[in-house]
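Thanks for coming. I will take one structure and walk through a few of its residues. Please look at the sequence and the model first.

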Amino acid sequence: QVQLVESGGGLVQPGGSLRLSCAASGTIFSIYSMGWYRQAPGNERELVATIITGDGSTNYADSVKGRFTISRDNAKNTVYLQMNSLRPEDTAVYYCNARTVIFTTTDYWGQGTQVTVSS
């Protein structure tokens, strides 16, 4: 089992920045990748960015490339999402995800943190 605790959401003006954090606990050794997804009202949950815990390779949604950066601190079992040049359309609940791949693939989710971009 993996537990995830997110922090760092809030209200920011367009063009501003926020950093989200996600601390993992439990069976850390089993985590293959971690990432961030978001869900706006009326929309499906969508991928924002992922990072492979082993080699650090990353993947981003086209809508956030060049503005968001995902990173990890393996010593702290924490993943970060640095969000710059925020836009109103980035407003959503952001969820941390951890994926384990041991015999089968299992996704774990954090409780979500609200990000609101508004003037």
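I start with V5, which is in contact with S21, C22, A23 and Q111, leaving aside its neighbours within four places in sequence; contact means heavy atoms within 4.5 Å. Before going further, a note on the source: this is a predicted model, where local features need pLDDT of at least 70 and side-chain atom pairs count only at pLDDT 80 or more, while totals for chains, interfaces and linings use all residues. Residues are numbered from 1 along each chain as its sequence is written, and side-chain values use heavy atoms, with hydrogens and water left out.

Back to V5. The residue sits in strand 1, residues 2–7. Strands here are DSSP runs of E with at least two residues, and helices are runs of H or I with at least four, numbered from the N terminus. Is V5 buried or exposed? V5 counts as exposed because its relative accessibility is 52%; exposed means over 50% relative accessible area, buried under 20%, and partly exposed in between, with a 1.4 Å probe and protein chains only. From V5 to S21 the C-alpha separation is 8.1 Å, and the two are 16 residues apart along the chain.

The partners are C22 and C96, with 2.0 Å between their sulfur atoms. This pair links distant parts of the chain: C22 is in strand 3 (residues 18–26) and C96 in strand 9 (residues 92–102), 74 residues apart. The angle about the S-S bond is -85°, and the link is left-handed. Both cysteines, C22 and C96, are buried.

Strand 9 continues into a hairpin with strand 10, with one residue between them. In the turn, F103 has a positive phi of about 65°. Strand 10 covers residues 104–109, and the two strands pair in the antiparallel sense over six bridges; pairing requires at least two DSSP bridges between the strands. I102 has T104 in strand 10 as its bridge partner.

Last, T113, in strand 11, residues 113–117. T113 counts as buried because its relative accessibility is 12%. Which residues does T113 touch? Not counting residues up to four places away in sequence, they are E6, G9, L20, A92, V93 and Y94. As for G9, its backbone nitrogen lies 3.3 Å from a polar atom of the T113 side chain.

Key
A disulfide is a pair of cysteine sulfur atoms within 2.5 Å. A polar contact is a pair of N or O atoms within 3.5 Å; within protein, one must be able to donate a hydrogen and the other to accept it, and residues adjacent in sequence count only if both atoms are side-chain atoms.
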